[in-house]
Amino acid sequence: MSRTGVDTGVAERPQAPRAPARRPSRPRPPLSREIVETRILGVLKWITIAFFVVATLFPFYYMVELSIRAIEDVALDPGALWPPRGASLAAYGEVLRSVEDGGQGFLVFLRNSGLVAVASVVVTLAVSILGAYAIARLQFFGRRQVSVLFLAVYLFPAILLAIPLFVFFTRIGLRGSLFGLVLVYVSQIVPVTIYMLRNYFATIPEGLEEAAALDGAGRLTIIRKISLPLAMPAIMATSLFVFMIAWNEFLFALLFLVENRENWTVSLGLSQLAGSVEVAKTTLMAGSVILTVPIIVLFFATERLLVEGLTSGAEKG
Amino acid sequence: MREGRRGRTLAQQEARAGIALLSPTLIVVLFMVVLPILWTIVIAFQSLRLRNLRTRLFDFQFTLDNFTTVLGSPGFWDALKVTLIYSVVGTALSIGLGLIAALVVRKPFRGRTLVRASMLLPYVAPVVAVTFVWQIMLNPELGIVNAVGTDLLGWKEPIPFLEQRTGTLSIFGLDLGVPTALIVVILYQAWRYFPFSFLFILARLQALPAELDEAARVDGATPLQRFWRITLPQLQGVIALLTVLRFIWTFNEFDDIYLLTQGGAGTEVVSVRVFNYLTGRGDIGAAAALSLVLALLLMVLLFVYFRFFVGRVEEADAI
C-alpha cells in the first residue's frame, strides 16, 4: 500500500482537496486480510472455547447424571441428558453402606484413601523441604548430579519399579499394608516436589537468611523461622499436588492391596467393583462421583495456587 | 556440633549441612527407587516365579531365558507397535490440543478463570473414575455416544468402541479398516492429558513480551502470520520440553489402557503386558525382562531425539 502511494503520489495530488467532500460517509476500511482473519478467528475462538468446555465438563456431568438414575431407566433411555423419571440417591447409599449392611463399604475405603494421602503429604513435605532447601541454597559436592539422578527416576516406567517392590514387600510381609503404600508414594513423588520447592526457594532473596545467620541462628532455625514462612505458597501447592497423586493412584494400590479388602483405597475399591457383574453401572458412577468429588472440591478451592506452583519456572521456557 | 564447626571452613560447613539436609531424600530415593531398579536387572536374569519366591529369590543362577521368552512370545512385536503408535500420536494430539486451548484463553475475558479450571479437570480427576465414565459413555447398550449415533446420526448398529479391534469406516464409497479401540484409547489419552500441555504453554504465552507482537502488527502482519512467525517460534522451547515429558509418560503409561480395555482389542501396550506377566502368569523374571526392554527402548528413542532432532540439549537441563 505504501509503495503505490509513493509511485502515484504526484499524479494523485491534485485530487487531494476533494477528499473532504466525502466526509459524511466515513471511508470504510478495505476488507483487508487483517480484518478477515481477525473476524474469522474471533468467531472460531468462541466455538473452540465452547468445544473445550463441553468436552471437558460433559463426562463429569454425565457421571453425576447416571449416578442418580435407576439402571432400568438408563437401559430404556440411554440418550437422556436429564433424569427423565426423577432422581434418587439410592446408588450412593449402596456404595457407602458397610458390607454387613449389604453395601460396598466405601466409607472404609474413603478413610483409607484419606489416611494414605495425608500421610504421603506429611512425609513427602518433611523430606523434600530439607532436600529442596539444600539443593537451592547450599554448595556441596554432587549437587548437580543429585538433580540429574532425580530426573532420571522418571525415565523408568512405574511398572518396572513395581516388580522389585512387589517382590520385596511380599517377602518382608509389608504387602497389603497402607504403610508400605505410603512409602512407595513418597519415593515416587519426592523427586517432583524437590524440583517444585527448589524453584521456589531460589526466588526467595538470600539476604534475610544471611542476616539471621549473622545474628547467630543455626541452619535449621533459619529454615523454620525464615525460609518456611516465605515459601508457604509453594508448600501449599506442593501439598495439594501430593494429595491428589496419592488419592488418585491406582497401579501400586492394585498390586499391593488387592488381597486385603479392609485396606482398599477408593480407587482400588471402585476398580474391583467394576469387575463384578451384579453391580449396576449406576452404582459404579456413584462410586466414581464419591472418588472424584474430594479432588474437585480441593482443586477448585485452590486452583490458582496449584497452577502457579506447578508452572513456576515454566515461564522461562 | 557447635564446637566442631569452628575448625572447618565455611564452605566445608555448608557442604556438610547440604548433605545432611539432603540425606533423607537420598535414602528414600536410593532404597525405594535406585536399588529396586538395579534389582529389576538382576531379576530379569533369574528364573523367578511368584510360586517359588520363597525358595528361589536368592538363588543366583543367571539365565537369558526370560529375554528369549519375552521377545519370542506371540504378540510382543504387536505390543511394541501399538506402544509406539499410542505414544507418538497421543503425545502429538495432547500437545496440539493443549496449544489450541492455551491460544484461545490467552486474552482475558469474563469467565476465563472458570473456563481454565474446567479445562484442567480431566487431568486432576482420578484415573479410575474418568476411565469408567468413558467406558459407560461408549457402552453399546447404555452409552450416550451410541444412543446419539443410532438415534440421530443414523448408525445401523451400536459400535462397541472399546471391544472392537477393527471397524470399517466408509468414506466416499471406500471401506477403510480402522483400529477402533486403539483410536478411542488415543483420543482418551489426548482428552485426559492435554491440560498438562495447556498449563505449561499458557504460562509461557503469558510471559511473552508484548512488544514483538505489537511491532509485527504495526508492520502489517496479520494474526495468523503473527502466530506462525512470532508466537510459535517463542513457544518452541516449551513444546520441545513437553514433547519429551509427554512421550516418556505416554510410552510408560499403564493405568489408562489397563482400566479402559485391559489391553484387549488391539490396545495391548508393553506395560500392560508386563503387568500380565507379573500377576496373570506370576512370571516375575519375564515381567522384569520385558520392563527392562521397555526402559532401554525408551532410552534409545530419547537419545535419538536429542541427538538428531534437538540441536540444543539445554532443553533437558531446563527441566
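Predicted model: local features only at pLDDT ≥ 70, side-chain atom pairs only at ≥ 80, totals over all residues.
Colleague: Why is Gln262(B) called partly exposed?

Modeller: Count its neighbours. Gln262(B) has 14 other C-beta atoms within 10 Å. Buried needs 20 or more, and exposed needs 12 or fewer. The count of 14 falls in between, so Gln262(B) is partly exposed.

Colleague: Where is Gln262(B) placed in chain B?

Modeller: Gln262(B) lies in the loop between α12 (255-261) and α13 (270-280) of chain B.

Colleague: Why is Ala265(B) called buried?

Modeller: Ala265(B) has 21 other C-beta atoms within 10 Å. The cut-off for buried is 20 or more, so Ala265(B) passes. Ala265(B) also sits in the loop between α12 and α13 of chain B.

Colleague: What makes the phi of Gln262(B) worth a remark?

Modeller: Most residues other than glycine have a negative phi. Gln262(B) is not a glycine, yet its phi is positive, about 55 degrees. Ala265(B) has a positive phi too, near 55 degrees, and is likewise a residue other than glycine.

Colleague: How much of chain B is buried?

Modeller: Buried residues are 41% of its 319 residues.

Colleague: What makes up the largest nonpolar core?

Modeller: That core has 174 residues. Ala162(A), Ile163(A) and Leu181(A) have the most contacts inside it. Its largest share, 16 residues, comes from helix α9 (residues 180-207) of chain B. Domain 1 (2-44) and domain 2 (76-317) of chain B each give this core at least three residues.

Colleague: Which residues does Ala162(A) touch?

Modeller: Leaving out residues up to four places away in sequence, Ala162(A) touches Leu251(A), Phe252(A) and Leu255(A).

Colleague: How many residues does each chain bring to the contact?

Modeller: Chain A brings 87 residues and chain B brings 79. On the side of chain A that touches chain B, helix α3 (residues 33-67) gives the largest share, 18 residues. That side of chain A divides into 61 nonpolar, 16 polar and 10 charged residues.

Key. Residues numbered from 1 in each chain as written. Chains lettered and ligands numbered in written order. Contact = placed C-beta atoms within 7 Å. Helix = DSSP H or I, 4+ residues; strand = E, 2+ residues; numbered from the N terminus. Nonpolar A, V, L, I, M, F, W, Y, C, P; charged D, E, K, R; others polar. Core = buried A, V, L, I, M, F, W, Y, C linked by C-beta atoms within 7 Å. Domains from an automatic or database assignment.
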